[in-house]
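Student: I would like to learn how to read a fold from its strands, helices and charged side chains. Could we go through one model together?

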Amino acid sequence: MEKQLVRKYVIVTGRVQGVGFRYHAVNLAMDYNITGWVRNMYNGGVEMEIQGRQIDVDMFIRKLDEDTHWIRIDNCSVADSIVLPDETGFRVRY
């Protein structure tokens with residue numbers, strides 16, 4: 001069975017800076033076999049590019065503000081992006 005990858009550019013706003021959001025995303029990425037990156041934006045939001053199987057990407061996005069007391073997502077925008085087939089790992093960008 002071939003592993004069909006998708007890549008998404010995601011911006012989240014709400015209480016997402018100073019509450020461990022980026023490290024929560026790193027842990028979720030490991031749980032769902034997601035590659036890509038996450039970083040804070042100057043406007044208080046967080047942006048990321050995430051890549052994996054569609055079902056895993058969907059679960060990653062769904063779980064971003066679950067099981068955490070401090071994170072609150074008010075808005076999440078998701079757009080398609082170009083798959084990077086050789087990408088490995090998920091990291092925090094600064």
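Student: Let me start with one side chain. Is arginine 72 buried, partly exposed or exposed?

Tutor: Keep in mind that this is a predicted model. Burial is read from relative accessible area, where buried means under 20% and exposed means over 50%. Arginine 72 has a relative accessible area of 38%, so it is partly exposed.

Student: Which residue forms a salt bridge with arginine 72?

Tutor: The general idea comes first. Side chains of opposite charge can pair when their charged atoms come close. Here the partner of arginine 72 is aspartate 74, with 2.8 Å between the closest N and O atoms. Aspartate 74 counts as exposed, at 52% relative accessibility.

Student: How many salt bridges are found in the whole structure?

Tutor: Seven. One of them joins lysine 8 and aspartate 80, whose closest N and O atoms are 2.3 Å apart. Lysine 8 belongs to strand S1 and aspartate 80 to strand S4, so this pair ties together parts that lie 72 residues apart in sequence.

Student: Where in the chain do arginine 7 and glutamate 49 sit?

Tutor: Take their contact first: the two side chains meet in a salt bridge, 2.7 Å from N to O. Arginine 7 is in strand S1 and glutamate 49 in strand S3, 42 residues apart, and the pair links distant parts of the chain. Arginine 7 counts as buried, with 2% relative accessibility. Glutamate 49 is buried too, at 17%. A network of salt bridges links Arg7, Glu49 and Glu87.

Student: What makes the pairing mixed, and which strands run antiparallel or parallel?

Tutor: Go through the pairs in turn. S1 and S3 run antiparallel and are joined by eight bridges. In that pair, valine 10 stands opposite methionine 48 in S3. S1 and S4 also run antiparallel, with nine bridges between them, and valine 12 stands opposite cysteine 76 in S4. Strand S2 (residues 35–40) pairs with S5 in the parallel sense, over three bridges. Tryptophan 37 stands opposite arginine 91 in S5.

Student: Which residues of H2 are buried, and why do they line one face of the helix?

Tutor: The buried residues of H2 are Asp56, Val57 and Phe60. Seen down the axis of H2, they fall within an arc of 100°, so they line one face. The background is that an α-helix has 3.6 residues a turn, so residues three or four places apart point the same way. The cover over the buried residues of H2 includes S1, H1, S3 and S5.

Student: One more side chain, then. Is glutamate 47 buried or exposed?

Tutor: Glutamate 47 counts as buried, at 11% relative accessibility. Its place is in strand S3.

Student: Which side chains make polar contacts with glutamate 47?

Tutor: The side chain of glutamate 47 makes a polar contact of 2.4 Å with the side chain of tyrosine 9. Another polar contact, of 2.6 Å, joins the side chains of glutamate 47 and arginine 39. Beyond its neighbours within four places in sequence, glutamate 47 is in contact with residues including Val10, Ile11, Trp37 and Val38.

Technical notes: Residues are numbered from 1 along each chain as its sequence is written. This is a predicted model: local features need pLDDT of at least 70, side-chain atom pairs count only at pLDDT 80 or more; totals for chains, interfaces and linings use all residues. Side-chain values use heavy atoms; hydrogens and water are left out. Two strands pair if DSSP finds at least two bridges between them. Helices (H or I, at least four residues) and strands (E, at least two) are DSSP runs, numbered from the N terminus. Buried means under 20% relative accessible area, exposed over 50%, partly exposed in between (1.4 Å probe, protein chains only). The arc is that of the directions from the helix axis to the C-beta atoms. Contact means heavy atoms within 4.5 Å. A polar contact is a pair of N or O atoms within 3.5 Å; within protein, one must be able to donate a hydrogen and the other to accept it, and residues adjacent in sequence count only if both atoms are side-chain atoms. A salt bridge is a side-chain nitrogen of Lys or Arg within 4 Å of a carboxyl oxygen of Asp or Glu.
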